[in-house]
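Dear colleague,

I am passing this structure on to you, and below it I have set out what turned up when I went through it. Please read the notes with the structure open beside them.

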Amino acid sequence: MKFNVLSHIKHWNKDLFIHTQNRLAFQYSVIMMIFLTLFISVVYFLVNTFITFDQERQLQSIADQQTKIILDSLRDGKLTQLELETLNTMQESNNQSFYFMVNLKGQPLFGDAFIPRFESGILTQLKGWVPQFREIRYETMILPPPPRRSPHAPPRDERQIDLMMTGRSIYVGDQLAGVYYTGKDISFIHELLQRLLLILVLLGTLFLGIALLLSYFMSKRAMIPIRTSFQRQREFVADASHELRTPLSILHSSIDVLEMEDGESLSDYSQKVLFNMKDEVRRMTKLVVDLLTLARTDSGSAQLKRESFDFIPSVEQLVRSTETLAHSKEIHLQLHAPSTALVYADRERLKQLLYILLDNAIKYTPNGGEVTLTLSVDLTDKSRSLFIVVQDTGVGIPAEDQNRIFDRFFRVDKNRSRQMGGTGLGLAIAKWIVESHQGTIQVSSLPGEGSKFTVRMPIIYSLALPTPLLKEPLEKEEL
């Protein structure tokens, strides 16, 4: 049961359509997120700019009106009680936090603050500031808590106040008489903008979640016709491969019968044609078998038959069967492996994996080269991994092609692969075998120096399985 769950999860992660669907949904969501971010930014910027501009305009208008009253009083030589009351009334009606008239020594001549205990802090902030024409200044001040009316009254916390301030230089004739300052508390404006930003972010997050769901369902609907078409194509490949196996087997048997009965009476040319026909039938049979295997892996019908067995005898038998091909090219085939290694896997699939790797190594290694197969079991790893390394001194693989050699029908040199009977499906099947065992396969190669394929597969999946046996490694040079 555990293996089936892992297999389904692996298949789900590797499914081309699910991967494409998730990628489309992600791309749609990213685009929607960009538009939502732009929308939130533009709305917040416009609201912030409009409110700030309106507050600055109001403050400048108040400053101009009060400056006119102060200039009129200076022309008369004194500030009357009526003019002072007018300034105080304007302060209350326009929500001014303060206004002060300061002489050249920085001493306040007259003015008022909405909060009396706030007056000293404001004068400290204004000290030395000579405002330019219609200059606006922003300051943040900490308002100390008011004194407690009784010892039993609860203490109050400090309060942060954001101020928007401006000022006017007051001249009598050509001589600077002092500086007039005024300002208003805009803390509520900052709080309002922060709440607006929070609301926009929450709404954006909500809409983004909705966009994710819509993107997922839209991409799923968009993949339906593509999935249907691909499924039909996959079924056709599987059915065609299955149907072709019988006539190819009959054709191969017929050629064998013809070769046995009339082989000696045929001319040299006819024998050559017969040999070529047999070779092409053999190649077509292998191609059909590989296509059928891949079609079954795509449909999920190819199941592994895991069992606990000693892998070394199978390896030795496989090496002996490939020794003939290696000797025909004068290739030195070596095996380095422990005397016993108990694994839990699909016996036939592991043999198929080794055959594919060894066959490729021998095919692409020039005469007189070397091919080395190394097996080892890592007992220190928690999953107890089996390592398979196949190294050759062949033609090598260019760096730009190493990421594509496991793709179906991909061949680095098509002419050379066809001459050697390659179909471009062997490594794709090898990768499926490794990944179906939750393993990994990697290649490292240099052109002209050879290639090295490294396979790592966990061999223990359950604590109920016996511990793999590992004795002293033996080296079998020529089998």
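In what follows, helices are DSSP runs of H or I with at least four residues, numbered from the N terminus. Please bear in mind that this is a predicted model.

A search of the whole structure finds seven salt bridges. In one of them the side chains of Arg57 and Asp54 meet, at 2.8 Å from N to O; these residues are three apart in helix α2 (residues 16-76), and are therefore separated by about one helical turn. Arg57 is partly exposed, at 46% relative accessible area, and Asp54 is likewise partly exposed, at 22%.

A second pair, Asp64 and Arg134, meets at 3.2 Å, N to O.

Glu307 forms a salt bridge with Arg347, with the closest N and O atoms 3.4 Å apart; since Glu307 is in strand β6 (residues 306-310) and Arg347 in helix α8, parts 40 residues apart in sequence are tied together.

Turning to the helices, the axes of α7 (residues 311-328) and α8 (residues 347-363) come within 10 Å and cross at roughly 30°, which makes α7 roughly parallel to α8. Their crossing is right-handed.

Finally, Leu427, in helix α10 (residues 426-436), counts as buried at 13% relative accessibility, and the C-alpha atoms of Leu427 and Ile356 are separated by 7.0 Å although these residues are 71 apart along the chain.

How values were computed:
Residues are numbered from 1 along each chain as its sequence is written. This is a predicted model: local features need pLDDT of at least 70, side-chain atom pairs count only at pLDDT 80 or more; totals for chains, interfaces and linings use all residues. Side-chain values use heavy atoms; hydrogens and water are left out. Axes are lines fitted to C-alpha atoms, for helices over the stretch in contact, and angles run from 0 to 180 degrees between N-to-C directions. Helices (H or I, at least four residues) and strands (E, at least two) are DSSP runs, numbered from the N terminus. Angles under 35 degrees count as roughly parallel, over 145 as roughly antiparallel, 65 to 115 as roughly perpendicular and the rest as oblique. A crossing is left-handed if the near helix is turned anticlockwise from the far one by less than a right angle, and right-handed if clockwise. Buried means under 20% relative accessible area, exposed over 50%, partly exposed in between (1.4 Å probe, protein chains only). A salt bridge is a side-chain nitrogen of Lys or Arg within 4 Å of a carboxyl oxygen of Asp or Glu.
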